[in-house]
Amino acid sequence: AGTSWVTVDADSDAAHIIILPAPVIGNIIYIQENGSTGYELRSSNPSSIAINGGTGSNAESEIGGAVAYIKCVCTSSTTWICSQYAADGTESRVEAAG
């Protein structure tokens, strides 16, 4: 439990899957890719733990290669809210898992 900084090496595989840890309210996870391929983001239980409101069997959010880093905040035992940041500091939402 706590705040973590994670660096991802997607190995030039945009379908590379990163799984968030089990939800603990208040945890903040920062993820930065070591490259520019992009990757897929999943919760630890996609059917019942949402990313930006989206759930489903193997539901995931696509993170584009131009994203500098993302920030995910656990807001309940079944929800993560995630934002993404471009290299110039522009913030936008991560797409809902689907």
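**Exercise 1.** Leaving aside its neighbours within four places in sequence, which residues is E40 in contact with?

*Solution.* The model is a predicted one, in which local features need pLDDT of at least 70 and side-chain atom pairs count only at pLDDT 80 or more, while totals for chains, interfaces and linings use all residues. Residues are numbered from 1 along each chain as its sequence is written, and side-chain values use heavy atoms, with hydrogens and water left out. Contact means heavy atoms within 4.5 Å, and with those neighbours set aside E40 is in contact with A14, A15, H16, I17, I18, E60, S61 and E62. E40 itself is found in strand β4, residues 39-42, where strands are DSSP runs of E, at least two residues, numbered from the N terminus.

**Exercise 2.** Determine how W5 pairs with Y30 and with Y69.

*Solution.* Rings of Phe, Tyr and Trp (its six-membered ring) pair if their centres lie within 6.5 Å, planes under 30 degrees apart counting as stacked, over 60 as edge-to-face and the rest as tilted. By this rule the count comes to four aromatic pairs. One of them, W5 with Y30, is stacked, at 5.7 Å centre to centre and 25° between the planes; W5 lies in strand β1 (residues 4-8) and Y30 in strand β3, so this pair ties together parts 25 residues apart in sequence. The pair of W5 and Y69 is tilted, with 5.8 Å centre to centre and 40° between the planes; since Y69 lies in strand β7 and W5 in strand β1, the pair ties together parts 64 residues apart in sequence. Finally, ring pairs link W5, Y30, Y69 and Y85 into a cluster.

Note on methods
Helix = DSSP H or I, 4+ residues; strand = E, 2+ residues; numbered from the N terminus.
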